Amino acid sequence: MRVNPSFKQVMAKPTCQNRLMTKLLPCALMILASSTAIADEKPKSNMGFEIMRSQTLGNCLACHEMPGVEGLVSTMGPSLKGVARKWTRAELTQWVKDARQMNSQTLMPPFGTTEGLTKANPPRAILSDAQISQVVDTLQTWQ
Ligand code: HEC
């Protein structure tokens, strides 16, 4: 059968719809994927930040300067700016969980254990492992 040349041409050229599918769709999907990635990350890092700022949870501001917080800052402990360059995730977790393991003379309270404390009130760790992990997520963004 002889195919009409103009028909062949039409078939060879991507139609407008085809072009949309091959060029725009992956692009649209990428934008969608990246926006959900941001949406996934944000609450995580904000949670850590909120725990650190909260006076009833981390209250890290009582002793540390923190990125994103202006005004009255304590110099009791070192600034947490750039802390992710100094320590690995495991070390940062250890600092928050039980700073005494990093420096036996530390003034920093243990947030993840009551071990060795005789009058802990309430008699439980200040932060759960999940909360410590969120705090460390935030610390790790401070390069
Ligand atoms: C009572 C004061 C105090 C509080 C509250 C406190 N820290 Fe600390 N922290 C210190 C001191 C002091 C150091 C310095 C090291 C040392 O002396 O042991 C330190 C060290 C650190 C370090 C190591 C920093 C470095 O540059 O080497 C990290 C990380 C850290 N603290 C995170 C936290 C986080 C996160 C919180 C809140 C959940 C917190 N700290 C709450 C006093 C405190």
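**Figure 1. Overall fold of the chain.** Of the chain's 143 residues, 18% count as buried, that is, 20 or more other C-beta atoms lie within 10 Å of the residue's own, with C-beta atoms placed from the backbone. This is a predicted model: local features need pLDDT of at least 70, side-chain atom pairs count only at pLDDT 80 or more, and totals for chains, interfaces and linings use all residues. Residues are numbered from 1 along each chain as its sequence is written. The chain has five helices and zero strands (DSSP runs numbered from the N terminus; helices are H or I of at least four residues, strands E of at least two).

**Figure 2. The largest nonpolar core.** A nonpolar core is a set of buried Ala, Val, Leu, Ile, Met, Phe, Trp, Tyr and Cys residues joined through C-beta atoms within 7 Å. Among the 17 residues of the largest one, Met52, Val96, Ile132, Val135, Val136 and Leu139 touch the most other members. Helix 2 (16-53), helix 4 (89-97) and helix 5 (129-141) are the elements giving two or more residues to this core. Helix 5 provides the largest share, four residues.

**Figure 3. Surroundings of Val136.** Apart from neighbours within four places in sequence, Val136 is in contact (C-beta atoms, placed from the backbone, within 7 Å) with Arg89, Leu92, Thr93 and Val96.

**Figure 4. The shell around the ligand.** Gly58, Cys60, Cys63, Gly77 and Thr106 come nearest of the 24 residues around the ligand, where a residue is near if its C-beta atom, placed from the backbone, lies within 6 Å. Helix 3 (83-86), helix 4 and helix 5 each supply at least two shell residues; helix 4 gives the most, with three.

Notes: A residue is buried if 20 or more other C-beta atoms lie within 10 Å of its own, exposed if 12 or fewer, and partly exposed in between; C-beta atoms are placed from the backbone. Two residues are in contact if their C-beta atoms, placed from the backbone, lie within 7 Å.
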